[in-house]
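Welcome! Please take a moment with the sequence and the 3D view below, and then let us walk through them together.

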Amino acid sequence: NEAKKHYPNMTSKVYETAEGINYFSDSRTCWVKVGVTIERLEHIEYYPVTDYKNASISMLKVTSFDVNTAIQRGLTKAIARHGLGLYIYAGEDLPETESQKPEPEKPKFEKTKFELKKEPQEQVRKETLQELFKIIDSFEAEKRSEYFKSILEKYHITSLSKLTQNQAEGLIARLNALKTNEVKTA
């Protein structure tokens with residue numbers, strides 16, 4: 001586990017009801033509550049027990065397998081809240097450490113008769129990427145998947161971390177506007 005490599009003292013917790021049950025219920029559906037603590041900071045995740053379509057499962061049909069799956073997914077999300085799991089959601093490996101990174105090349109500006117090479121765009125910052133994932137995650141599962149796929153296609157990228165800072169900021173603004181319109185029409 002990558003998180004344990006970087007934070008060997010990391011702990012996780014599955015919260016239980018007063019009766020010792022590892023999920024919570026409103027009599028119709030249920031959810032789990034898990035937490036991950038790194039360097040004395042705990043991030044808690046409430047994760048719904050869902051089926052393969054990400055739809056809540058009726059309380060009468062929930063199995064221990066469904067609860068276990070929700071616990072594992074909730075723990076992954078709680079780790080992501082520490083900024084570690086973003087690479088999992090972005091579909092890529094963990095970034096290189098400072099000692100592994102090659103020295104960046106200085107931008108070259110070559111002026112010719114026909115073209116002027118532009119300065120490279122700033123790569124998306126970690127905080128901006130976290131904010132983008134948070135906004136995408138706030139949509140229902142079907143919309144979340146649709147938006148994620150269309151972003152990758154539009155920018156011809158394989159993960160959101162390949163966006164530039166300007167592209168990510170523009171996406172955040174557009175997704176916030178979509179969320180606002182969604183709330184107004186509901």
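Arg40 sits in the loop that links strand 3 and strand 4. Helices and strands here are DSSP runs (H or I over at least four residues for helices, E over at least two for strands), numbered from the N terminus. Arg40 has a positive phi of about 65° although it is not a glycine. Glu39 is found in this loop too, between strand 3 (30-38) and strand 4 (41-48), and Glu39 also has a positive phi, of about 50°, without being a glycine. For background, most residues other than glycine have a negative phi.

How accessible is Arg40? Its relative accessible area is 85%, so Arg40 is exposed. Glu39 is exposed as well, at 65%. In this report, buried means under 20% relative accessible area, exposed means over 50%, and partly exposed is in between, with a 1.4 Å probe and protein chains only.

## About the model

This is a predicted model, in which local features need pLDDT of at least 70 and side-chain atom pairs count only at pLDDT 80 or more, while totals for chains, interfaces and linings use all residues. Residues are numbered from 1 along each chain as its sequence is written, and side-chain values use heavy atoms, with hydrogens and water left out.

## The chain as a whole

The protein chain has six helices and four strands. Read from the N terminus on, its elements run α-β-β-β-β-α-α-α-α-α.

Of the 186 residues in the protein chain, 31% are buried. The chain exposes about 13,300 Å², and carbon and sulfur atoms supply 51% of that area; accessible areas come from the Shrake-Rupley method with a 1.4 Å probe, and for residues only the protein chains shown count as cover. Among contacts between residues at least 6 apart in sequence, 54% join residues at least 24 apart. A contact means heavy atoms within 4.5 Å.

Now turn to helix 4 (residues 126-137) and helix 5 (residues 141-154), which pack at an angle of about 140° with their axes 9 Å apart. The axes are lines fitted to C-alpha atoms, for helices over the stretch in contact, and angles run from 0 to 180 degrees between N-to-C directions. That angle makes helix 4 oblique to helix 5: under 35 degrees counts as roughly parallel, over 145 as roughly antiparallel, 65 to 115 as roughly perpendicular, and the rest as oblique.

Which residues make the contact? Helix 4 brings Phe133, Ile136 and Asp137, and helix 5 brings Arg144, Phe148 and Ile151. By class, the contact of helix 4 with helix 5 has four nonpolar, no polar and two charged residues. Here Ala, Val, Leu, Ile, Met, Phe, Trp, Tyr, Cys and Pro count as nonpolar, Asp, Glu, Lys and Arg as charged, and the others, Gly among them, as polar.

## Two nonpolar cores

The largest nonpolar core has 18 residues, and Leu132, Ile151, Leu160, Leu163 and Leu175 touch the most other members. A nonpolar core is a set of buried Ala, Val, Leu, Ile, Met, Phe, Trp, Tyr and Cys residues joined through side-chain atoms within 4.5 Å. Helix 4, helix 5 and helix 6 (165-185) are the elements that give two or more residues to this core, and helix 4 gives the most, with five residues.

Leaving aside neighbours within four places in sequence, Ile151 is in contact with Ile136, Ile157, Leu160, Leu171 and Leu175. There is also a second, separate core of 17 residues, which includes Val32, Ile57, Val62 and Ile79.

Thr50 lies in the loop between strand 4 and helix 2 (64-81). Is Thr50 buried or exposed? With a relative accessible area of 13%, Thr50 is buried. Beyond residues up to four places away in sequence, Thr50 touches Ala55, Ser56, Ile57 and Arg73.

Thr17, in the loop between strand 1 (11-14) and strand 2 (24-25), counts as buried at 17% relative accessibility. Ser27, by contrast, is in the loop between strand 2 and strand 3 and counts as exposed at 66%. Finally, Ala173 is found in helix 6 and counts as partly exposed, at 46% relative accessibility.
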